[in-house]
Amino acid sequence: LTVMFFAYNVMVQPPAVKNADGTWSPLDESVVCDDDVAVFYAPIAAQFNHTFYETENQKYYDMLQGWRACSNDLYCWLYETNFMYYMYPYNSWDSMMETYRYCVENGASYVMGQDQHNATGSTSFTDLKDYINSCALFDLNQDYEAILDDYFENYYLDASEPMRRYFDELRAWMRYLEDEYPAELNGSIYAEIAKDKFWPKGTLEHWLDLIDEALEAAENCKSDRVLYENLKKRIIKESLFARYALIEHYSGVYSAETLLEMKLSFREDAQTVGLSRYQEGEGGELDILYEAWGIK
(Lines give C-alpha, C1' and ligand atoms only; values in the text may rest on other atoms or scores of the structure.)
Protein backbone atom coordinates (compact mmCIF):
# COMPACT_ATOMS: atom_id res chain seq x y z
CA LEU A 1 0.00 0.00 0.00
CA THR A 2 1.36 3.40 -1.01
CA VAL A 3 0.19 6.49 0.87
CA MET A 4 0.18 9.67 -1.21
CA PHE A 5 -0.14 13.28 -0.10
CA PHE A 6 -1.14 16.21 -2.26
CA ALA A 7 1.54 18.86 -2.88
CA TYR A 8 -1.00 21.45 -3.98
CA ASN A 9 -1.87 25.14 -3.49
CA VAL A 10 -0.32 26.29 -0.19
CA MET A 11 1.45 22.93 0.15
CA VAL A 12 3.11 23.01 -3.29
CA GLN A 13 6.49 24.26 -2.02
CA PRO A 14 8.85 21.34 -1.24
CA PRO A 15 10.79 21.18 2.05
CA ALA A 16 14.06 21.28 0.15
CA VAL A 17 16.80 23.71 -0.89
CA LYS A 18 18.53 24.25 -4.21
CA ASN A 19 22.28 23.77 -4.08
CA ALA A 20 24.87 25.88 -5.86
CA ASP A 21 25.35 23.15 -8.48
CA GLY A 22 21.62 23.16 -9.33
CA THR A 23 20.75 19.97 -7.47
CA TRP A 24 18.24 19.83 -4.63
CA SER A 25 18.53 18.50 -1.10
CA PRO A 26 15.90 17.93 1.61
CA LEU A 27 15.97 20.38 4.51
CA ASP A 28 16.82 17.48 6.79
CA GLU A 29 16.20 13.74 7.08
CA SER A 30 12.86 14.24 8.84
CA VAL A 31 11.19 15.39 5.58
CA VAL A 32 12.41 12.43 3.50
CA CYS A 33 9.46 10.16 2.72
CA ASP A 34 9.43 6.51 3.70
CA ASP A 35 9.47 3.99 0.87
CA ASP A 36 5.68 3.57 0.99
CA VAL A 37 4.91 7.33 0.93
CA ALA A 38 4.62 9.21 -2.37
CA VAL A 39 4.24 12.86 -3.36
CA PHE A 40 1.34 13.84 -5.67
CA TYR A 41 2.69 17.09 -7.13
CA ALA A 42 -0.05 19.40 -8.49
CA PRO A 43 1.40 22.77 -9.59
CA ILE A 44 -1.96 24.39 -10.32
CA ALA A 45 -0.44 27.85 -10.92
CA ALA A 46 1.97 26.71 -13.65
CA GLN A 47 1.62 27.93 -17.23
CA PHE A 48 0.39 24.84 -19.03
CA ASN A 49 0.51 26.54 -22.41
CA HIS A 50 4.29 26.17 -22.02
CA THR A 51 6.28 23.01 -21.37
CA PHE A 52 8.20 22.39 -18.17
CA TYR A 53 11.40 22.70 -20.21
CA GLU A 54 10.67 26.40 -20.78
CA THR A 55 11.71 29.28 -18.54
CA GLU A 56 8.07 30.32 -17.98
CA ASN A 57 7.74 27.26 -15.74
CA GLN A 58 11.18 27.29 -14.09
CA LYS A 59 9.63 27.85 -10.65
CA TYR A 60 7.48 24.75 -11.05
CA TYR A 61 10.07 22.43 -12.53
CA ASP A 62 12.37 23.51 -9.70
CA MET A 63 9.66 22.51 -7.24
CA LEU A 64 9.38 19.13 -8.95
CA GLN A 65 13.11 18.63 -8.43
CA GLY A 66 12.71 19.62 -4.80
CA TRP A 67 9.99 17.06 -4.21
CA ARG A 68 12.02 14.42 -5.99
CA ALA A 69 14.79 15.00 -3.44
CA CYS A 70 12.28 14.21 -0.69
CA SER A 71 10.65 11.09 -2.15
CA ASN A 72 11.55 8.12 -4.34
CA ASP A 73 7.98 7.93 -5.60
CA LEU A 74 6.64 10.97 -7.45
CA TYR A 75 3.23 11.46 -9.08
CA CYS A 76 2.22 14.53 -11.14
CA TRP A 77 -1.23 16.11 -11.49
CA LEU A 78 -1.27 18.59 -14.37
CA TYR A 79 -4.01 20.64 -16.05
CA GLU A 80 -5.33 21.03 -19.60
CA THR A 81 -8.27 23.44 -19.55
CA ASN A 82 -9.56 26.81 -18.40
CA PHE A 83 -11.92 25.89 -15.59
CA MET A 84 -13.78 29.19 -15.75
CA TYR A 85 -14.40 28.96 -19.49
CA TYR A 86 -14.94 25.41 -20.70
CA MET A 87 -16.25 26.62 -24.07
CA TYR A 88 -13.07 28.51 -24.98
CA PRO A 89 -9.83 26.98 -26.25
CA TYR A 90 -6.97 26.35 -23.83
CA ASN A 91 -3.65 26.18 -25.63
CA SER A 92 -1.96 23.12 -24.14
CA TRP A 93 -2.01 20.91 -27.27
CA ASP A 94 1.61 21.66 -28.21
CA SER A 95 3.00 21.49 -24.67
CA MET A 96 1.31 18.41 -23.17
CA MET A 97 3.57 15.67 -24.48
CA GLU A 98 6.77 17.62 -23.70
CA THR A 99 5.67 18.31 -20.12
CA TYR A 100 4.79 14.65 -19.58
CA ARG A 101 8.25 13.76 -20.90
CA TYR A 102 9.90 16.20 -18.49
CA CYS A 103 8.02 14.74 -15.52
CA VAL A 104 8.94 11.16 -16.40
CA GLU A 105 12.57 12.05 -17.09
CA ASN A 106 12.68 13.55 -13.61
CA GLY A 107 11.31 10.66 -11.64
CA ALA A 108 7.53 10.68 -12.07
CA SER A 109 5.97 7.21 -12.19
CA TYR A 110 2.48 8.56 -12.93
CA VAL A 111 1.29 11.67 -14.77
CA MET A 112 -2.29 12.86 -15.19
CA GLY A 113 -3.61 15.86 -17.11
CA GLN A 114 -6.93 17.02 -15.67
CA ASP A 115 -9.40 18.37 -18.17
CA GLN A 116 -13.15 18.98 -18.00
CA HIS A 117 -13.73 16.35 -15.36
CA ASN A 118 -17.36 17.17 -14.53
CA ALA A 119 -18.63 17.83 -18.05
CA THR A 120 -20.12 15.57 -20.67
CA GLY A 121 -19.03 16.57 -24.14
CA SER A 122 -16.51 19.27 -24.92
CA THR A 123 -15.50 21.66 -27.68
CA SER A 124 -12.33 23.56 -28.75
CA PHE A 125 -10.54 20.34 -29.78
CA THR A 126 -10.60 18.77 -26.33
CA ASP A 127 -11.12 15.40 -28.04
CA LEU A 128 -7.69 15.90 -29.62
CA LYS A 129 -6.16 16.24 -26.15
CA ASP A 130 -7.74 12.92 -25.22
CA TYR A 131 -6.03 11.38 -28.25
CA ILE A 132 -2.66 12.95 -27.41
CA ASN A 133 -3.00 11.53 -23.89
CA SER A 134 -3.80 8.08 -25.26
CA CYS A 135 -0.65 8.23 -27.41
CA ALA A 136 1.44 9.41 -24.44
CA LEU A 137 0.39 6.34 -22.45
CA PHE A 138 2.38 4.14 -24.82
CA ASP A 139 5.23 6.27 -26.10
CA LEU A 140 6.30 9.72 -24.94
CA ASN A 141 8.79 10.00 -27.79
CA GLN A 142 6.26 9.99 -30.61
CA ASP A 143 6.44 12.80 -33.13
CA TYR A 144 3.80 15.38 -32.20
CA GLU A 145 3.05 16.52 -35.75
CA ALA A 146 2.65 12.88 -36.81
CA ILE A 147 0.09 12.45 -34.04
CA LEU A 148 -1.83 15.45 -35.37
CA ASP A 149 -1.70 14.09 -38.93
CA ASP A 150 -2.99 10.71 -37.77
CA TYR A 151 -5.76 12.26 -35.70
CA PHE A 152 -7.15 14.58 -38.34
CA GLU A 153 -6.88 12.09 -41.21
CA ASN A 154 -8.67 9.32 -39.33
CA TYR A 155 -11.06 11.26 -37.10
CA TYR A 156 -12.38 13.64 -39.77
CA LEU A 157 -11.76 11.55 -42.91
CA ASP A 158 -12.88 13.53 -45.98
CA ALA A 159 -13.33 16.62 -43.80
CA SER A 160 -9.78 16.48 -42.46
CA GLU A 161 -8.34 19.33 -44.55
CA PRO A 162 -10.68 22.16 -43.43
CA MET A 163 -10.73 20.85 -39.85
CA ARG A 164 -6.92 20.81 -39.75
CA ARG A 165 -6.85 24.36 -41.11
CA TYR A 166 -9.27 25.42 -38.39
CA PHE A 167 -7.13 23.81 -35.68
CA ASP A 168 -3.85 25.20 -37.03
CA GLU A 169 -5.33 28.69 -37.23
CA LEU A 170 -6.81 28.39 -33.75
CA ARG A 171 -3.55 27.36 -32.09
CA ALA A 172 -1.66 30.07 -34.04
CA TRP A 173 -4.25 32.61 -32.89
CA MET A 174 -3.82 31.49 -29.28
CA ARG A 175 -0.04 31.96 -29.54
CA TYR A 176 -0.59 35.41 -31.00
CA LEU A 177 -2.90 36.35 -28.12
CA GLU A 178 -0.40 35.06 -25.55
CA ASP A 179 2.37 37.14 -27.13
CA GLU A 180 0.16 40.22 -27.48
CA TYR A 181 -1.43 40.04 -24.00
CA PRO A 182 1.12 38.20 -21.80
CA ALA A 183 -0.18 39.66 -18.54
CA GLU A 184 -3.77 38.58 -19.23
CA LEU A 185 -3.20 35.29 -21.06
CA ASN A 186 -0.25 33.77 -19.23
CA GLY A 187 -1.38 30.15 -19.30
CA SER A 188 -3.39 30.33 -16.08
CA ILE A 189 -6.21 27.81 -15.90
CA TYR A 190 -8.41 30.69 -14.71
CA ALA A 191 -7.35 33.32 -17.28
CA GLU A 192 -10.03 35.80 -18.36
CA ILE A 193 -10.15 34.53 -21.92
CA ALA A 194 -13.75 35.64 -22.59
CA LYS A 195 -13.07 39.24 -23.64
CA ASP A 196 -14.33 40.89 -26.81
CA LYS A 197 -10.85 42.05 -27.85
CA PHE A 198 -9.56 38.48 -28.05
CA TRP A 199 -12.22 37.26 -30.49
CA PRO A 200 -12.80 39.40 -33.61
CA LYS A 201 -16.13 38.73 -35.24
CA GLY A 202 -14.56 38.17 -38.66
CA THR A 203 -12.16 35.56 -37.27
CA LEU A 204 -14.98 33.61 -35.62
CA GLU A 205 -17.06 33.76 -38.80
CA HIS A 206 -14.07 32.58 -40.87
CA TRP A 207 -13.70 29.53 -38.64
CA LEU A 208 -17.39 28.78 -39.10
CA ASP A 209 -16.82 28.98 -42.87
CA LEU A 210 -14.22 26.23 -42.42
CA ILE A 211 -16.79 24.23 -40.46
CA ASP A 212 -19.19 24.61 -43.40
CA GLU A 213 -16.45 23.37 -45.76
CA ALA A 214 -15.94 20.37 -43.49
CA LEU A 215 -19.65 19.56 -43.39
CA GLU A 216 -19.78 19.75 -47.18
CA ALA A 217 -16.79 17.43 -47.48
CA ALA A 218 -18.40 15.00 -45.03
CA GLU A 219 -21.20 14.49 -47.56
CA ASN A 220 -18.80 12.12 -49.35
CA CYS A 221 -19.35 9.64 -46.50
CA LYS A 222 -23.15 9.60 -46.79
CA SER A 223 -23.21 6.07 -48.21
CA ASP A 224 -22.39 4.84 -44.69
CA ARG A 225 -25.19 6.41 -42.65
CA VAL A 226 -23.71 5.65 -39.20
CA LEU A 227 -20.26 6.89 -40.19
CA TYR A 228 -21.70 10.04 -41.73
CA GLU A 229 -23.80 10.91 -38.66
CA ASN A 230 -20.83 10.40 -36.34
CA LEU A 231 -18.57 12.48 -38.57
CA LYS A 232 -21.13 15.26 -38.72
CA LYS A 233 -21.40 15.32 -34.92
CA ARG A 234 -17.62 15.60 -34.59
CA ILE A 235 -17.57 18.60 -36.91
CA ILE A 236 -20.61 20.31 -35.39
CA LYS A 237 -19.09 19.91 -31.92
CA GLU A 238 -16.12 22.02 -33.02
CA SER A 239 -18.44 24.74 -34.31
CA LEU A 240 -19.89 25.39 -30.87
CA PHE A 241 -17.07 27.54 -29.48
CA ALA A 242 -17.22 30.07 -32.35
CA ARG A 243 -21.03 30.15 -32.27
CA TYR A 244 -21.03 30.64 -28.50
CA ALA A 245 -18.46 33.44 -28.78
CA LEU A 246 -20.51 35.23 -31.44
CA ILE A 247 -23.56 35.14 -29.19
CA GLU A 248 -21.64 36.24 -26.10
CA HIS A 249 -19.56 39.01 -27.69
CA TYR A 250 -21.63 40.27 -30.62
CA SER A 251 -25.27 39.83 -29.67
CA GLY A 252 -25.85 43.56 -30.23
CA VAL A 253 -25.16 43.37 -33.96
CA TYR A 254 -27.90 40.82 -34.69
CA SER A 255 -31.63 41.34 -34.91
CA ALA A 256 -33.67 39.85 -32.08
CA GLU A 257 -35.02 37.21 -34.47
CA THR A 258 -31.57 36.19 -35.76
CA LEU A 259 -30.09 36.10 -32.25
CA LEU A 260 -32.91 33.86 -31.04
CA GLU A 261 -32.32 31.50 -33.97
CA MET A 262 -28.60 31.38 -33.13
CA LYS A 263 -29.31 30.53 -29.49
CA LEU A 264 -31.88 27.86 -30.31
CA SER A 265 -29.60 26.29 -32.91
CA PHE A 266 -26.70 26.29 -30.45
CA ARG A 267 -28.81 24.59 -27.78
CA GLU A 268 -30.06 21.95 -30.22
CA ASP A 269 -26.57 21.07 -31.43
CA ALA A 270 -25.05 21.19 -27.94
CA GLN A 271 -27.67 18.72 -26.74
CA THR A 272 -27.11 16.51 -29.79
CA VAL A 273 -23.36 16.19 -29.14
CA GLY A 274 -23.80 15.90 -25.36
CA LEU A 275 -22.39 19.22 -24.15
CA SER A 276 -23.47 19.83 -20.54
CA ARG A 277 -21.43 22.67 -18.96
CA TYR A 278 -19.73 25.94 -19.83
CA GLN A 279 -17.64 26.22 -16.64
CA GLU A 280 -16.54 24.04 -13.75
CA GLY A 281 -18.17 25.60 -10.69
CA GLU A 282 -21.66 25.84 -9.30
CA GLY A 283 -24.05 27.29 -11.86
CA GLY A 284 -21.92 26.15 -14.78
CA GLU A 285 -24.57 23.96 -16.36
CA LEU A 286 -25.65 24.93 -19.86
CA ASP A 287 -29.29 24.77 -18.78
CA ILE A 288 -28.60 27.75 -16.52
CA LEU A 289 -26.96 29.57 -19.43
CA TYR A 290 -29.99 28.91 -21.61
CA GLU A 291 -32.21 30.41 -18.95
CA ALA A 292 -30.02 33.55 -18.92
CA TRP A 293 -30.31 33.63 -22.72
CA GLY A 294 -34.08 33.62 -22.41
CA ILE A 295 -34.58 30.21 -24.04
CA LYS A 296 -35.49 28.18 -20.99
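Mentor: Start with Phe 83. Leaving aside neighbours within four places in sequence, Phe 83 is in contact (heavy atoms within 4.5 Å) with Gln 114, Asp 115, His 117, Ile 189, Tyr 190, Gln 279 and Glu 280. This is a predicted model, where local features need pLDDT of at least 70, side-chain atom pairs count only at pLDDT 80 or more, and totals for chains, interfaces and linings use all residues. Residues are numbered from 1 along each chain as its sequence is written, and side-chain values use heavy atoms, with hydrogens and water left out.

Trainee: Where does Phe 83 lie?

Mentor: In the loop between strand S5 (74-79) and helix H2 (93-105). Helices (H or I, at least four residues) and strands (E, at least two) are DSSP runs, numbered from the N terminus.

Trainee: Is Phe 83 buried or exposed?

Mentor: Phe 83 counts as buried, at 3% relative accessibility. Buried means under 20% relative accessible area, exposed over 50%, and partly exposed in between (1.4 Å probe, protein chains only).

Trainee: How many residues apart in sequence are Phe 83 and Glu 280?

Mentor: They are 197 residues apart in sequence. In space, Phe 83 and Glu 280 are 5.3 Å apart, C-alpha to C-alpha.

Trainee: New topic. How many salt bridges in the whole structure?

Mentor: The search finds 19. Each is a side-chain nitrogen of Lys or Arg within 4 Å of a carboxyl oxygen of Asp or Glu.

Trainee: Which residue forms a salt bridge with Arg 164?

Mentor: Asp 149 does, with the closest N and O atoms 2.8 Å apart. Arg 164 lies in helix H5 (residues 160-180) and Asp 149 in helix H4 (residues 144-155), so the pair ties together parts 15 residues apart in sequence.

Trainee: Which residues are linked with them in a network?

Mentor: Asp 94, Glu 145, Asp 168 and Arg 171 join Arg 164 and Asp 149 in a network of salt bridges.

Trainee: What about Arg 165 and Glu 161?

Mentor: They form a salt bridge, closest N and O atoms 2.9 Å apart. Both lie in helix H5, 4 residues apart, about one turn of the helix. Arg 165 is partly exposed at 29%, and Glu 161 is partly exposed at 45%.

Trainee: Last one. Where do Arg 175 and Glu 178 sit?

Mentor: In helix H5, 3 residues apart, about one helical turn. Arg 175 is partly exposed at 26%, whereas Glu 178 is buried at 11%.
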